[in-house]
Amino acid sequence: MRNLLILVTYNGFAFTRNCLFCLQNLSSSEWKIVIADNGSSDNTPEKVKEEFPFVEVYELKANKGFGFANNYAFKKANEVESFDLVCFLNNDTLLSSETLDVLKNSFNKIQNKVIMAPKVFNSDGSVQRNDYCFLSPWQFFSNAFRSVNKADEILHGKLNTIPSTSFLQNDWMNGVCLMMKASAFEQIGMFDENFFMYYEDTDFAYRAKKLGYVFYMNPESYLTHLGGASAKSSLSQSLQHDSSQYYFYKKHFGLKGVLLSKLFRMVRSGVRILSFSLLGIFKQDKRIKARLHVKLFVNAFRK
């Protein structure tokens, strides 16, 4: 069995370096490790080639997004040889070689149309939920009135156990670490490259579910995701998130999706402007968040 492991990088070599140290004991006869670098300015490609000669690096001239880079690496690697499994792994993760071996061996115990993910932890040891459920239109819209934490509870839903196994199931798992048959990735249609950042894994999962694929988590396979615990919101990130959300709903639900996305964003930001403005009388960080949502509210009218 020959398998492909893909990481996407864009600066932040320290993360990539630590991740690759974790992967250096993977069997070279079983795994081909490749990196798609999105035009890093910190010399990531050169540093990787120097310190980790077992890794193949594909250098992209510009940053065209997470989905494009993964697709490029998959197609480039398959020009040389074919693979049984493909695993997409974030470069800001820490894991043991056993993590991927356990995940790989899961495919000996399950049906064909399965996409596997490990259990994910934050750097402080707390669980970072990487599983989600698809929301009904009402569930999605009503989240506009909820706090971030309460909305997250609805987004994650409940993990279900799979009889006679240790596996857990939800509608989909995010792109921190996903493993599947290489033929499945091609059948599903790879990542939609119109998503620059955010929602590319949601879209991939939505299309996978339509084709009958199911998402399982193997809690005996686990890793630490460093980025998820400390992610901070900025205007550019928030605008990109809203843009991707808009495209997802437009793509899959047409005009109804466009209206639903716009209405959700208007109500969400309106509620937050009101609450943060009141709290902002006493706290500067709340005033900053209120100003952020003013800009997001205006943007919802444009797109």
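Which residues do ring pairs link into a cluster? Ring pairs join Tyr-132, Phe-134, Phe-140, Trp-172, Tyr-199, Tyr-206, Phe-248, Tyr-249, Phe-253 and Phe-264 into a cluster.

## Basis of the report

The structure is a predicted model, in which local features need pLDDT of at least 70, side-chain atom pairs count only at pLDDT 80 or more, and totals for chains, interfaces and linings use all residues. Residues are numbered from 1 along each chain as its sequence is written, and side-chain values use heavy atoms, with hydrogens and water left out.

## Aromatic pairs

The whole structure contains 27 aromatic pairs. Rings of Phe, Tyr and Trp (its six-membered ring) are paired if their centres lie within 6.5 Å; planes under 30 degrees apart are stacked, those over 60 are edge-to-face and the rest are tilted. One of the pairs is formed by Phe-140 and Phe-264, which are stacked at 4.4 Å centre to centre with 25° between the planes. Phe-140 belongs to helix α5 (residues 137-142) and Phe-264 to helix α9, so this pair ties together parts that are 124 residues apart in sequence. Helices (H or I, at least four residues) and strands (E, at least two) are DSSP runs, numbered from the N terminus.

Phe-140 counts as buried, at 5% relative accessibility, and Phe-264 also counts as buried, at 9%. The term buried means under 20% relative accessible area, exposed means over 50%, and partly exposed lies in between (1.4 Å probe, protein chains only). Phe-248 and Tyr-249 form an edge-to-face pair, 5.2 Å centre to centre with 85° between the planes. Both Phe-248 and Tyr-249 are buried.

## Helix α9 and its partners

Two packed helices are described by the angle between their axes and the distance between the axes. Axes are lines fitted to C-alpha atoms, for helices over the stretch in contact, and angles run from 0 to 180 degrees between N-to-C directions. Helix α8 (residues 200-210) packs with helix α9 (residues 235-279) at an angle of about 20°, and their axes are 10 Å apart. The two helices, α8 and α9, are therefore roughly parallel to each other; angles under 35 degrees count as roughly parallel, over 145 as roughly antiparallel, 65 to 115 as roughly perpendicular and the rest as oblique. The crossing of α8 past α9 is right-handed. A crossing is left-handed if the near helix is turned anticlockwise from the far one by less than a right angle, and right-handed if clockwise. On the α8 side, the contact (heavy atoms within 4.5 Å) is made by Thr-202, Asp-203, Tyr-206, Arg-207 and Lys-210, and on the α9 side by Phe-248, Lys-251, His-252 and Phe-253. These contact residues divide into three nonpolar, two polar and four charged. Ala, Val, Leu, Ile, Met, Phe, Trp, Tyr, Cys and Pro count as nonpolar, Asp, Glu, Lys and Arg as charged, and the others, Gly among them, as polar.

Helix α9 also meets helix α10 (residues 284-302): the axes come within 6 Å and cross at roughly 150°. This makes α9 roughly antiparallel to α10, and the crossing of α9 and α10 is left-handed. The residues of the α9 contact with α10 comprise 13 nonpolar, six polar and ten charged. Lys-250 is located in helix α9 and is partly exposed, with a relative accessible area of 44%. Apart from neighbours within four places in sequence, Lys-250 is in contact with Gly-257 and Val-258.

## Helices α1 and α2

Helix α1 and helix α2 (residues 44-51) pack at about 25°, with axes 10 Å apart. This arrangement makes α1 roughly parallel to α2, and the crossing of α1 and α2 is right-handed. Helix α1 contributes Phe-13, Thr-16, Arg-17, Leu-20 and Phe-21 to the contact, while α2 contributes Thr-44, Lys-47, Val-48 and Glu-51. The division of these residues is four nonpolar, two polar and three charged.

## Loop residues

Asn-11 lies in the loop between β1 (3-9) and α1 (13-23), and its phi is near 60°, a positive value in a residue other than glycine. Tyr-198, in the loop between α7 (182-188) and α8, has a positive phi of about 75° although it is not a glycine. Tyr-198 counts as partly exposed, at 26% relative accessibility.

Asp-92 is placed in the loop between β4 (85-89) and β5 (93-94). Asp-92 is buried, with a relative accessible area of 13%. Leaving aside neighbours within four places in sequence, Asp-92 is in contact with Phe-15, Thr-224, His-225, Leu-226 and Gly-227.
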